[in-house]
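Here's one to take a slow look at. Turn the model around for a moment, and then let's walk through it together.

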Amino acid sequence: MSTLSVDTIQGKTTAGTVAMPAGAMLQVVQSHVTAYTTTSSNSNSSTGLTVAITPKFSSSKVLITGSINGCYSNAATRYATYELYKGGSFLVKLHQLVGYAHTNASVNYDVDWSFSYLDSPNTTSATTYDLQWAAQNGGSSYFNNYGIANNGTRSTLTAYEIAG
């Protein structure tokens, strides 16, 4: 049995980077929102959940995960859609019918949901991911709705750089 103990690993070239095996996690960046938020617009806008990550290698993958809490719509047949944007451009639709209010107005639910999406940004430049949403079919949609107060619920967006 052998033990290797080091204080610092440094690349042997001037770039100073060390090759990592495929699948190794290189860095993690997270943002969160605790504010009670509402929209009545049917055009996408940011939820405030945005993360920026600068991949170390152009071959890296970026795993984006989100935990979205307290989603609700205020009237029958109303709901919200959620999409992930990268650098201001549409990347993927994540969820539709979030917080759908049933035709029986007394059956409205606060919905918690999560997602993951694996991206191949092919860059070593800063890359920004933004969770956007829109209210659909009229009415208003909300998230972090528990307790109808700020700081009662936390929604998160996390980016993990994974060696390719």
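What follows goes from the sheet to the core, and then to a few individual residues.

Some ground rules before we start. This is a predicted model, so to speak of local features we need pLDDT of at least 70, side-chain atom pairs count only at pLDDT 80 or more, and totals for chains, interfaces and linings use all residues. Residues are numbered from 1 along each chain as its sequence is written, and side-chain values use heavy atoms, with hydrogens and water left out.

Let's begin with the strands. Helices (H or I, at least four residues) and strands (E, at least two) are DSSP runs, numbered from the N terminus, and two strands pair if DSSP finds at least two bridges between them. In general, strands of a sheet pair through backbone hydrogen bonds, either parallel or antiparallel. Here, four strands make an open sheet in the order 3-8-5-6, with antiparallel pairing. Strand 3 (45–53) and strand 6 (89–98) are at the edges with a single partner strand each, so one side of each has no neighbour in the sheet. From one strand to the next, the twist averages 20°; for such angles, axes are lines fitted to C-alpha atoms, for helices over the stretch in contact, and the angles run from 0 to 180 degrees between N-to-C directions.

Inside that sheet, strand 5 (residues 79–86) and strand 8 (residues 127–136) are antiparallel partners over eight bridges. If you want a landmark, find Tyr79: its bridge partner in strand 8 is Gln136.

Which strands does it pair with?

Rings of Phe, Tyr and Trp (its six-membered ring) pair if their centres lie within 6.5 Å; planes under 30 degrees apart count as stacked, over 60 as edge-to-face and the rest as tilted. The structure holds seven such pairs. Take Tyr82 and Trp133: their ring centres are 5.7 Å apart and their planes sit at 35°, so the pair is tilted. This pair links distant parts of the chain, with Tyr82 in strand 5 and Trp133 in strand 8, 51 residues apart. Tyr82 is buried at 0% relative accessible area, and Trp133 is buried as well, at 1%. Another pair, Tyr85 and Phe90, has centres 6.0 Å apart and planes at 85°, so it is edge-to-face. Here Tyr85 is buried at 15%, whereas Phe90 is partly exposed at 46%. Tyr82 and Trp133 turn up again in one aromatic cluster, together with Trp113, Phe115 and Phe143.

Next, zoom in on Thr39, in strand 2 (residues 37–39). Thr39 is buried, with a relative accessible area of 9%. A polar atom of its side chain lies 3.2 Å from the backbone nitrogen of Ser41. Leaving aside neighbours within four places in sequence, Thr39 is in contact (heavy atoms within 4.5 Å) with Ser45, Trp133, Ala134, Ala135, Gly139, Ser140 and Ser141.

Asn122 sits in the loop between strand 7 (111–119) and strand 8, and its phi is near 50°, a positive value in a residue other than glycine. Asn122 is exposed, at 58% relative accessible area. Asn137, in the loop between strand 8 and strand 9 (141–143), also has a positive phi, near 65°. At 47% relative accessibility, Asn137 is partly exposed.

Definitions and conventions. Buried means under 20% relative accessible area, exposed over 50%, partly exposed in between (1.4 Å probe, protein chains only). A polar contact is a pair of N or O atoms within 3.5 Å; within protein, one must be able to donate a hydrogen and the other to accept it, and residues adjacent in sequence count only if both atoms are side-chain atoms.
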